[in-house]
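Here is a friendly walk through one model, with the aromatic rings as the guide. Please take a look at the sequence and structure below before reading on.

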Amino acid sequence: MSSQPRVQLALVAAAAACWATVLAVVDTGNMTHWTPSKNSYTHTGEDYDSEYSGMTTWTAEKDTAVRRLTKDLLWLYDPNVRPVIDFSSAIEATHFFLLQQVIYLDSKEQKLKAFFFEVWIWTDEYLTWDPAHFEGIQRITLMRENLWIPDVVVFNQVGENSNYYMRENIIPVTLHHTGSIRLDTPQKYETTCLIEIENFPFDTQTCIIVVGSWSQSADTIIMKNMADQMDSVTYIENSEWQMLMTSSTSDIFQYEGSEASYSEIHYTVKLKRRLAFYNRNLIIPMILISFMAQ
């Protein structure tokens with residue numbers, strides 16, 4: 001017999017021996033394996049804690065209530081379609097800013113940079129459930145990529161939004177059984193601000209931040225402000241600017257050249273330049289230099 005058939009027989013024998021070993025291991029009682037035909041994960045063996053001793057089978061029918069609820073909600077759900085049963089009705093999107101800090105107000109560039117906590121609330125009519133059917137669960141969290149999200153933007157933003165959490169889809173939304181969805185995110189915005197310096201350094205500046213849907217008219221999305229002013233409970237004072245007040249109003253606007261009307265929220269931030277800052281850093285040094293020059 002030539003050497004080639006002998007090599008082939010040896011390979012076949014080795015493969016048969018390996019397969020027999022695998023079958024023997026599968027038959028043992030100390031391993032976990034998956035049975036595709038049954039669509040179940042089966043845990044067996046005596047090495048588990050007492051609560052898992054014996055045979056424990058995790059099937060789709062015995063899945064946890066949260067997993068079952070999530071599967072039921074997202075089955076055939078289309079995040080590209082506006083989630084209303086009556087497609088002629090508009091979605092009410094509530095928006096809110098918590099002003100955390102004014103970082104700077106640039107007189108030369110005519111822009112305001114500030115840090116906010118931003119809140120969006122809307123209702124998805126396709127994502128509702130009866131808590132009694134899911135062990136009393138009233139709310140869950142879902143990643144934004146799986147859901148329809150209103151395209152709410154800051155219209156007068158300049159530069160790039162530095163929100164890492166929104167770009168990377170890290171922060172999930174909170175979904176209530178009524179279909180109410182809430183999204184809370186930290187945001188750092190740079191917005192345009194018309195600055196008047198006639199009374200410098202005794203000036204007061206008013207900046208407006210405009211928020212609304214980028215593509216949806218008022219027939220499909222209505223913007224509502226949660227309160228008549230920004231929340232500033234945790235506001236961090238700026239060394240150069242004193243915050244005098246904030247306000248928030250929502251209305252419907254129609255712009256020239258457009259047949260559609262658009263729903264917007266206008267936030268106002270009123271700031272007063274701190275005189276002590278310029279007394280210490282500008283006025284007093286100038287007076288001293290003037291006396292020394294005489």
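How many aromatic pairs does the count come to? Rings of Phe, Tyr and Trp (its six-membered ring) pair if their centres lie within 6.5 Å, with planes under 30 degrees apart called stacked, over 60 edge-to-face and the rest tilted. By this rule there are 7 aromatic pairs.

## Ground rules

This is a predicted model, in which local features need pLDDT of at least 70 and side-chain atom pairs count only at pLDDT 80 or more, while totals for chains, interfaces and linings use all residues. Residues are numbered from 1 along each chain as its sequence is written, and side-chain values use heavy atoms, with hydrogens and water left out.

## Two tilted pairs

A pair of aromatic rings is described by the distance of the centres and the angle of the planes. For phenylalanine 97 and tyrosine 267, the centres are 4.9 Å apart and the planes stand at 55 degrees, so this pair is tilted. It links distant parts of the chain, 170 residues apart: phenylalanine 97 lies in strand β4 (residues 91-106) and tyrosine 267 in strand β13 (residues 262-273). Strands (E, at least two residues) and helices (H or I, at least four) are DSSP runs, numbered from the N terminus. Both phenylalanine 97 and tyrosine 267 are buried, where buried means under 20% relative accessible area, exposed over 50% and partly exposed in between (1.4 Å probe, protein chains only).

Phenylalanine 116 and tyrosine 189 also form a tilted pair, at 6.2 Å centre to centre and 50 degrees between the planes. Here phenylalanine 116 sits in strand β5 (residues 111-123) and tyrosine 189 in strand β9 (residues 180-192), 73 residues apart. Phenylalanine 116 and tyrosine 189 are buried too. Ring pairs link Phe97, Phe116, Tyr189 and Tyr267 into a cluster.

## The strands around β9

Two strands pair if DSSP finds at least two bridges between them.

Threonine 174 has arginine 182 of β9 as its bridge partner. The hairpin of β8 and β9 has 3 residues between the strands, and glycine 179 takes a positive phi near 95 degrees there.

## The whole chain

Zooming out, the protein chain has 4 helices and 13 strands. Of its 294 residues, 32% count as buried.
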